[in-house]
Amino acid sequence: MIEFDHVNKHYGAHHVLRDITMTVSRGEVVVVCGPSGSGKSTLIKCVNALESYQSGHILVEGVDVKSKARSAAALRQRVGMVFQNFELYPHLSVIDNICIAQRVVLKRHAGEARERAWRLLDRVGLRDKAAAYPMNLSGGQQQRIAIARALALDPEIMLFDEPTSALDPEMINEVLDVMTALAADGMTMMVVTHEMGFARRVASRVVFMDKGEVVEDCSTTEFFNDTKSRADRTRQFLDKILSH
Amino acid sequence: MNYQWNWSLLLDEPYAGWLLAGLGWTVALSVVGWVIALPLGTAIGIARTSSSRWLRVLSGFYVSVFRNIPLLLQMFVWFFVVPELLPDRLGLWFKRDLPNPEFWTAALALAFYTSGRLAELFRAGLQAVPRGQVMAADATGMSRPQALRHVIMPQALRIILPPLTSEFLSIVKNSSLALTIGVLELTAQSRQIENFTFHGFEAFGAATAFYMLVALILNLVMVSLRRTLTLPVAV
Ligand SMILES: Nc1ncnc2c1ncn2[C@@H]1O[C@H](COP(=O)(O)OP(=O)(O)O)[C@@H](O)[C@H]1O
Ligand SMILES: [Mg+2]
């Protein structure tokens, strides 16, 4: 569970998160959308403390992100993250990419880490790529490995920052399929994406952000079907991304 | 030109022995200098990219001092000035009891000078690793040292490998400046042979051949290192 309580963030004079208050319950999949620069990445990076904020609170599983009672490492082990550009480690093979944080952060033994890695490779359908290096994989395959790498630490929450935006169209679905399966398994997810088909099928809620503000925070059905109750800028945004 | 070539003279005693001894000192200076400079330069290079302002300022100062003062001057300072500045007992030990004081002074001067250059190299390499990689390591809970060790440094090393090998070549060449404070390394020995025999061409030729041999070997080492370290390219 993630609780945002009046969170504000500034870059100098630029107010990038404006009084964000919302809750992502356990097992919920929340899609965050909005124009570029609206603060979506900043918002989810605050959850695993990759970004900080000036006021308000964010609680992850009941503990404040800034609390000294839990280290950054412990927080990030509970919150996995997947990036737009995959960010696999180019000098490590696929299996080592999945093992490295298990070894270094969780201090798992090599055998245990590998066993976990093999199971995750099965889960993302890339067992045969274990020995390959990232640059020999397609974008879709790289992103699936990146998901496996994040899952290797057994997180309770997964954050996705535009996981399919850097992909060729024909590879988007293989990644969305992995995410859909993850959601079906009950993972708590915050997904920044403009894949509205995915949002419709998988999300329990949709959050629309603009200029650092949460403009909409409602159930998926409401968001797509009850368009009359949506704000003007939400409708404009939806028109733009659904028109093609 | 009426010059009597006599290459075989280089094989005669005592000249062959001189050359070999010179070679030994050159190799020793370069290796000792490198063994000190590499970890020092790495540490200072890391400090240059630290999030602590203090560390960045201090390491920046270190780099500008050791990199910008000519090596020859640094050798003189280490040899003539530093022992005077040390506490009496230590200074005396330095001048009188330390075996081969010229050698150790020259090796230290080389090491500090080279460490400044290596620090800049490592800084550039570390900063060339994409920020997304650092973020990915952070996001999996790695601490700064862990990310450095497992994610950033391995990539930085691959980036700086070619200039790193040429820094080693530089330290070999720069070691010849040690002759100015009396280390009888290769160049000094060639000069001495020239003084004794007036066969400067052969003596300096032998030294030149050695420096070129080192360059050649280093090149081979670099090529094979590069082959083992280079990431498989998309096929
Ligand atoms: N490091 C930074 N320094 C200053 N401004 C930033 C920085 N990172 C992001 N911003 C600004 O914060 C706003 C939100 O950025 P971001 O969260 O990346 O938006 P989104 O992910 O929705 O496209 C943007 O206006 C961006 O220019
Ligand atoms: Mg973004």
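**Figure 1. Asp138(B) counts as buried, with a relative accessibility of 16%.** Buried denotes under 20% relative accessible area, exposed over 50%, and partly exposed the range in between (1.4 Å probe, protein chains only). The model is predicted: local features need pLDDT of at least 70, side-chain atom pairs count only at pLDDT 80 or more, and totals for chains, interfaces and linings use all residues. Side-chain values use heavy atoms, without hydrogens and water; residues are numbered from 1 along each chain as its sequence is written, and chains are lettered from A and ligands numbered from 1 in the order in which they are written. Asp138(B) belongs to helix α6 of chain B; helices (H or I, at least four residues) and strands (E, at least two) are DSSP runs numbered from the N terminus. Apart from neighbours within four places in sequence, Asp138(B) is in contact with Leu50(A), Arg76(A) and Arg144(B), contact being heavy atoms within 4.5 Å.

**Figure 2. Helix α6 (residues 131-139) of chain B is largely enclosed by the rest of the structure, because seven of its nine residues are buried.** The buried residues of α6(B) include Gly132(B), Gln133(B) and Val134(B). Packing against the buried residues of this helix are α2 (72-78), β6 (79-82) and α5 (139-151) of chain A, together with α7 (144-174) of chain B. Just after α6(B), Gly141(B) adopts a positive phi of about 90°.

**Figure 3. At the interface of chain B and chain A, 21 residues of chain B are in contact with 23 residues of chain A.** The two chains bury about 1,900 Å² between them, 66% of it on carbon and sulfur atoms; buried area is the accessible area (1.4 Å probe) that two parts lose on being put together, summed over both. Zero salt bridges are found across this interface, a salt bridge being a side-chain nitrogen of Lys or Arg within 4 Å of a carboxyl oxygen of Asp or Glu.

**Figure 4. A nonpolar patch on the surface of chain B includes Ile69(B), Phe76(B), Val77(B) and Leu85(B).** Together the residues of the patch have about 670 Å² of accessible area, computed by the Shrake-Rupley method with a 1.4 Å probe, where for residues only the protein chains shown count as cover. Patches consist of residues with over 30% relative accessible area and no salt bridge, like charges being joined within 9 Å and nonpolar side chains (Val, Leu, Ile, Met, Phe, Trp, Tyr) within 5 Å. Val77(B), in helix α3 (residues 71-85) of chain B, is partly exposed, with a relative accessible area of 35%.
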